Amino acid sequence: MEIIGSGDLTAGKKIIAENFANWTSGNEIIDNFIQEKQLNYDASYTKYGDIKAVFEWIPYNELIGIKELGKSCFATAIWKEGPLFHCERENEWMKKSYEFVTLKFLYDLQNITDEFINKVKSKSGVIFGISQNPDTEVYLLVICDKYFDHYCKCGNVYDQSYYKWCKECRINQLKNNFTNWTSGNIIFDHFIQKMQLKISKYYDTVFEWIPYNEIIIIEELEHYTSAIWKKGPLYYTDDKKLVRKSYEKVYLKYLYNSQEITDEFSNEVESYLKSGVIFGISQNPDTKVHILVFYNEYLICYCEKCGNKYENRIYKWCKQCEINQLKNNFTNWTNRNEKVDNFIQKMQLNINDYHDKIFEWISYNKFIIIKELENYSLAIWEKDNTNDQKSVGKSREKVYLKYLYNSQEITADFSNEVESYLENKVIFGISQNPDTEVYLLVFNVEYFDRYCEKCGNEYDDIKYKWCEQCQMNYLKNNFTDWTSGNEKVDNFIQKMQLKVNVYQGGIFEWISYNEFIEIKEIENNVLATAIWKDGPLYYSSIRMSYNREINIKVILKYLCNSQNVSHLSLSEVIYSVKENYGITQNPNTKDYMLVCKIEYYCEICGKKYNNQFERNNKSCISCQTNHENKKIHDLIQEIKLNIDHNSGDFDIMFEWIPYDQFNDIKEIGKGGFSTVYSAIWKDGVLFYDCNPFKTGWKRQSNTKVALKCLNNSQNFLDEFVNEV
Ligand SMILES: [Zn+2]
Ligand SMILES: [Zn+2]
Ligand SMILES: [Zn+2]
Ligand SMILES: [Zn+2]
C-alpha cells in the first residue's frame, strides 16, 4: 500500500475529474456510468469494514497472471496498478498495487443495458471496476477477492458463510447428480430426489440411494439389524471439506410392507431427516424388500419397540409404549367400583413425562399403619408388583393416608384436586378400607413439604411452610385475652394483625410494660432502649409452631402526646408497621410507646436509619463519624508525641491536612486495596530547621507528595490506623 498524494477528498476528486480526458472504455454508457460513480465517490465503508475503492475503467493489460477457474466464467488475476481509495482518518490518497482480484467474464453481455448498470451498482464497493478483453471484446468485472468470503460465485450471499455453503448451488449440484444413480424404480427415484431437494442447511443430511452391495450386515437384533455402510455418509471436516466417512456403523429397518410410497411413509422419512437420524434407503435385490438406513444414534432418539421418538431421550421413555403397558395392566388390578376404576384409568393415561407419577389402585392390606395423626395416618406401604417401573427395587415406602370420609362420588373438583397432586408429584394413588368402605388417598412423604398439615391446603409460602388461613385461626384462638385498655388502640392493633403476617415480618402485638427490663432513656420522654423478656413471635417451619425469641433488645419510641393516642400518631405507624413489634403503655405515666425493632434504629442516638449502609454498620452516619473522628484525633496525637525533636535529625511534623490544601491531584496507580495519587501540597511540609542561625519550625511550600487513598477506609478504620 502506498500513499500517492495527501489532501482531502474534494481536492482528490477534482484531480480525478480532470483525468476524465485521459481514459475511455470506448463505450459512452460505460464512460458516463464510471464518471458519475467517480464524482460521487465518498470514501465510505463496505459492510465488511473496508474503505470502498474508486470505481474505475481498468485497461485489460493492467491485469496479469490471469488463471481461469475451471469452466466457469471466473478467473483470478493480479491488478498491477491496484485500487485507489481515500483514507479520511489519515487524509491521504492510497493505492494497493499488485492486488489479487477475481475476474468475472460477462460472456452473455451483448450490450451495456440499464439492468447491467444497476446490477453493478448494487455490488458497489466490492467491484473495483470494469475491463474488456480487446481480442474477444468480452467485458469483465474486476472484483475484490474478499467479496468471495461472503458471496458465492453464483452471486448469492452464502447461506452458511463459514462453510461457504450456498443452498442454490448445492441443490443444482444434487440435481446434476440425479443421473449418476438409480434405485431401479422410478417411483423410488422420484421420492429420493424429492427428499434430497429438501436440504436447507449445510449440515442437513442428503437422503441417498444406498446400493445394497455397500452394506455389510453384522447382526440381526429384535427390531433392527446392525450393519456397516462401506462408502459411508457425507460430512464436513474441520477444514470445511465435504467428505465421506467410510465404514460407518448403521442400523437397518426392513420395510416389509411398503412397496408403495404413501404420504405417511414420506412424512416419516422427512421427520427422520429433520432429526438427522437417517442416511438413506436401500433394497435387498433378492427379496426386493426396501431398507431404511439409520444413523448410529437413531436408537438414542427412537423407541426400539415402536419406532416413535422418545419423549424422554435420557431415560429412553416412550409415552405410547408406557400407555400400552398401563392399558395391558388394567385387568391386573381391580376394585369393585366401576366409576373409581374409570377414574384411576383416566388419571393413569394422563401421563406425559417419564417423571410423572402413575396414579395407582393400592390394595388396603398393603399398608401397615404406624401412627394416627389428626387428619392423616402415617403408614408403611409394602409394595409388590407395582406399575411404577421407576421405583423397582424400592419395595417399601413411607406414606400418608388421607381418609375421604365425605366423598363417595368422584366430582370434577375431586378429579382436579388429584390432578394437581399428580402434577406436584406428591400422590401414589387411591385405596379403600374394606371394613369401613372409606376411600383414602395415598401421599408420599414430600406431601407435607407443600401442603399444610393442619388444613390440607397448599402453603401460601412453601419455603417457610406458612399457611395464612391457619395463622389467622391461631391468632383468633390465642390472642383474645389481651386489651390495651383503650378501645381505639385495641382496634388499631387488631387491624395491624390482619395486615401483616408472621412470615412477612412478625405479628403486631399489645405488649405489657412489665415485659421490659433495663429501660434506658436516650432522650427524655422521646426514646429509650430496653430488653423485651418474652420477645417477639416467630414461626418455626421445623416445629411448625409459633415460638418466642426471648430477651430481645428493642427501642421504645414515645408516641407524641401519647397519653391520649391520636389518630394521627397511629396512622404514622401503619407505614412502618413491619419495623415494629407492637404497642405498650407505661402504667405510671400512662404514656403509650411504640416497640421498635433495633435493626431499624441507631442504638447510640436512637435515630431511625436512613439507608441500608447505616443499617449494615449498626449505627447512623453521624454516630459513625464522631466515633471515627475521635480515632483519627487520637492517632495524630500519638504520633506527634512519638517524634523525638531532640534527636538532631531532620524532623517532619505529622498533622491533619485539609483536603483543599492539595492541588494538581493525579491518579498514578491503583491496587486492590488502595489508589495512589500525586499532588502538590500548597502550604507544604512542616519541618524543623536545624541551621544554628535560624532554628525553628518552617514550611516548605508546594511540596510534591503522594496520596494513598485506602478503598473502603470508612469500613476499615482500624486497619487504616494500624497501617499509618
Ligand atoms: Zn451459489
Ligand atoms: Zn415405543
Ligand atoms: Zn393450613
Ligand atoms: Zn446514631
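Tutor: In this predicted model, the side chain of Thr-102 makes a polar contact, at 2.5 Å, with the side chain of Asp-145. Thr-102 belongs to strand 7, which comprises residues 99–105. Its relative accessible area is 3%; since buried means under 20%, Thr-102 is therefore buried. Leaving aside residues up to four places away in sequence, Thr-102 touches Phe-74, Ala-75, Leu-141, Val-142, Ile-143, Asp-145, Phe-148 and Lys-153.

The model contains 38 aromatic pairs. In one of them, Trp-79 and Phe-128 have ring centres 5.7 Å apart and planes at 45°, so the pair is tilted. Trp-79 lies in strand 4 (residues 74–79) and Phe-128 in strand 8 (residues 127–132), so this pair ties together parts that are 49 residues apart in sequence. Trp-79 is buried, with a relative accessible area of 1%, and Phe-128 is buried as well, with a value of 6%.

Another pair, formed by Tyr-272 and Phe-294, is edge-to-face, with 4.9 Å from centre to centre and 90° between the planes. Here too distant parts of the chain are linked: Tyr-272 is in helix 6 and Phe-294 in strand 17, 22 residues apart. Both Tyr-272 and Phe-294 are buried. Ring pairs also join Tyr-376, Tyr-400, Tyr-421, Phe-443, Tyr-447, Phe-448 and Tyr-451 into a cluster.

Helix 5 spans residues 186–196, and its buried residues are Phe-188, Asp-189, Phe-191, Ile-192, Gln-193, Met-195 and Gln-196. The N-terminal end of helix 5 is capped by Asn-185, of which a side-chain oxygen lies 2.8 Å from the backbone nitrogen of Ile-187.

Finally, two lysines deserve mention with the rings. Lys-37 lies over the face of Phe-55, at 5.4 Å from the ring centre. Lys-383 is placed over the face of Trp-381, at 4.8 Å from the ring centre.

Key: Residues numbered from 1 in each chain as written. Chains lettered and ligands numbered in written order. Predicted model: local features only at pLDDT ≥ 70, side-chain atom pairs only at ≥ 80, totals over all residues. Heavy atoms only, no water. Buried < 20%, exposed > 50% of the residue type's maximum accessible area, 1.4 Å probe, protein only. Helix = DSSP H or I, 4+ residues; strand = E, 2+ residues; numbered from the N terminus. Polar contact = N/O pair within 3.5 Å; in protein donor to acceptor, adjacent residues only side chain to side chain. Phe/Tyr/Trp six-rings, centres within 6.5 Å; stacked < 30°, edge-to-face > 60°. Lys NZ or Arg CZ within 6 Å of the ring centre and 35° of its normal. Contact = heavy atoms within 4.5 Å.
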